[in-house]
Amino acid sequence: MAPKKSKRSASESSSSDSGPDDRNPPPKKSKPSDKGSSKKTGSKEEEHSFALDKNRFVKVREFRGKLFIDIREFYEKNGETLPGKKGISLSVSQWNKLREQIDDIQESVEKLG
């Protein structure tokens, strides 16, 4: 029985290696919505996108009837730009709290930078 436990721990350690494999499910969930946004021009035209870097964008979009500010890294697959796993979606109230603290954040950046 002890070797089975060691095998389980070995499989558990290999399951941690599956972390990069976890990147595939979120884009699969996002693909239909992205394809839908490119096909449905009427409903998704209200999405606004602002480039931060080559593959990083801030997007203001509506999801399930609520407005979100999405700061996310994107990647290209088969000629399509798709949202990646790395990023954060802020509600309007969270976005406003962040905006209120911008001056303090900038001071910290200047002190540490």
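Predicted model: local features only at pLDDT ≥ 70, side-chain atom pairs only at ≥ 80, totals over all residues.
1. Local features here need pLDDT of at least 70 and side-chain atom pairs count only at pLDDT 80 or more, while totals for chains, interfaces and linings use all residues. Residues are numbered from 1 along each chain as its sequence is written, and side-chain values use heavy atoms, with hydrogens and water left out.

2. A search of the whole structure finds 1 aromatic pair (ring centres of Phe, Tyr or Trp, the latter by its six-membered ring, within 6.5 Å; planes under 30 degrees apart are stacked, over 60 edge-to-face, the rest tilted). F57 and F74 form this edge-to-face pair, at 5.5 Å centre to centre and 85° between the planes. Because F57 lies in strand β2 (residues 56-63) and F74 in strand β3 (residues 66-77), the pair ties together parts that are 17 residues apart in sequence; strands are DSSP runs of E with at least two residues, numbered from the N terminus.

3. Both F57 and F74 are buried, where buried means under 20% relative accessible area, exposed over 50%, and partly exposed in between (1.4 Å probe, protein chains only).

4. The structure holds 4 salt bridges, each a side-chain nitrogen of Lys or Arg within 4 Å of a carboxyl oxygen of Asp or Glu. Among them, R61 bridges to D70, with the closest N and O atoms 3.2 Å apart, and both R61 and D70 are buried.

5. R56 meets D53 in a salt bridge at 3.9 Å, N to O, and R56 also bridges to E73, with the closest N and O atoms 3.0 Å apart. D53 is partly exposed at 48% relative accessibility, as R56 is at 42%.

Notes
Helix = DSSP H or I, 4+ residues; strand = E, 2+ residues; numbered from the N terminus.
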